[in-house]
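Please keep the structure open beside them.

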Amino acid sequence: MSGFGPGNFFLADCPARLAVELIADKWTVVSEGPVRHGELIELIGGISRKMLTQTLRRLEAHGLVRRHAYAEVPPRVEYELTPLGATLIDPIHMLTEWAMANGDAVLDALDAGPEPVAQSD
């Protein structure tokens with residue numbers, strides 16, 4: 001049995017659901033060191049500055065990312081994982097490895113379309 005019964009994980013206010021939604025966001029990327037905003041844009045690709053800022057603020061509000069603004073001219077801001085955020089590194093690497101190993105099979109299944117459902121009389 002999976003342990004995901006009705007009335008727990010799928011509730012809107014379930015902490016586990018919130019955590020999955022945070023890391024499942026397509027713009028959430030895990031980096032293992034302090035990174036500047038522009039570096040993240042290059043790393044992720046296809047993201048606007050505004051969307052990246054919104055994502056970083058959300059991750060910061062949930063304790064996964066720390067923002068450090070330096071008192072310099074020009075201003076410099078770096079982001080890094082908090083200890084809580086760092087706990088995501090291994091699970092995300094595992095998911096990435098699974099996606100790399102199985103991505104072609106998933107696309108092949110999508111191209112093949114749904115299997116016909118047996119009709120019962």
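The numbered points below go from the whole chain to single residues.

1. Basis. This is a predicted model: local features need pLDDT of at least 70, side-chain atom pairs count only at pLDDT 80 or more, and totals for chains, interfaces and linings use all residues. Residues are numbered from 1 along each chain as its sequence is written, and side-chain values use heavy atoms, with hydrogens and water left out.

2. Overall make-up. The protein chain has five helices and three strands. Helices (H or I, at least four residues) and strands (E, at least two) are DSSP runs, numbered from the N terminus. Read from the N terminus, the order of elements is α-β-α-α-β-β-α-α. The chain has 121 residues, and 22% of them count as buried. Buried means under 20% relative accessible area, exposed over 50%, and partly exposed in between (1.4 Å probe, protein chains only). Take contacts between residues at least 6 apart in sequence: 38% join residues at least 24 apart. A contact means heavy atoms within 4.5 Å.

3. The sheet. Three strands form an open sheet in the order β1-β3-β2, with antiparallel pairing. The edge strands are β1 (35–36) and β2, each pairing on one side only. Two strands pair if DSSP finds at least two bridges between them. Strands of a sheet pair through backbone hydrogen bonds, either parallel or antiparallel.

4. Strand β2 (residues 65–70) runs antiparallel to β3, and six bridges join the two. Val65 has Leu81 of β3 as its bridge partner. His68 is bridged to Glu78 of β3.

5. The cis bond. Which form does the peptide bond from Val73 to Pro74 take, cis or trans? The bond is cis, with omega near -5°. Pro74 lies in the loop between β2 and β3. Most peptide bonds are trans. This one deserves a look in the viewer.

6. Glu78. This residue sits in strand β3 (residues 76–81). Is Glu78 buried or exposed? Glu78 has a relative accessible area of 16%, so it counts as buried. Its side chain makes a polar contact of 3.0 Å with the side chain of Tyr70. A polar contact is a pair of N or O atoms within 3.5 Å; within protein, one must be able to donate a hydrogen and the other to accept it, and residues adjacent in sequence count only if both atoms are side-chain atoms. Leaving out residues up to four places away in sequence, Glu78 touches Pro34, Val35, Arg36, Arg66, Arg67, His68 and Tyr70.

7. The α2–α3 packing. Helix α2 (residues 37–44) packs on helix α3 (residues 49–61) at about 105°, with the axes 11 Å apart. Axes are lines fitted to C-alpha atoms, for helices over the stretch in contact, and angles run from 0 to 180 degrees between N-to-C directions. That makes α2 roughly perpendicular to α3, a term for angles of 65 to 115 degrees. From α2, His37, Leu40, Ile41 and Ile44 meet Arg49, Leu52, Thr53 and Leu56 of α3.

8. Arg57. This residue belongs to helix α3. Arg57 is exposed, with a relative accessible area of 59%. Arg57 and Arg67 are ten residues apart in sequence; C-alpha to C-alpha, they are 8.7 Å apart in space.

Notes: Parallel < 35°, antiparallel > 145°, perpendicular 65-115°, else oblique.
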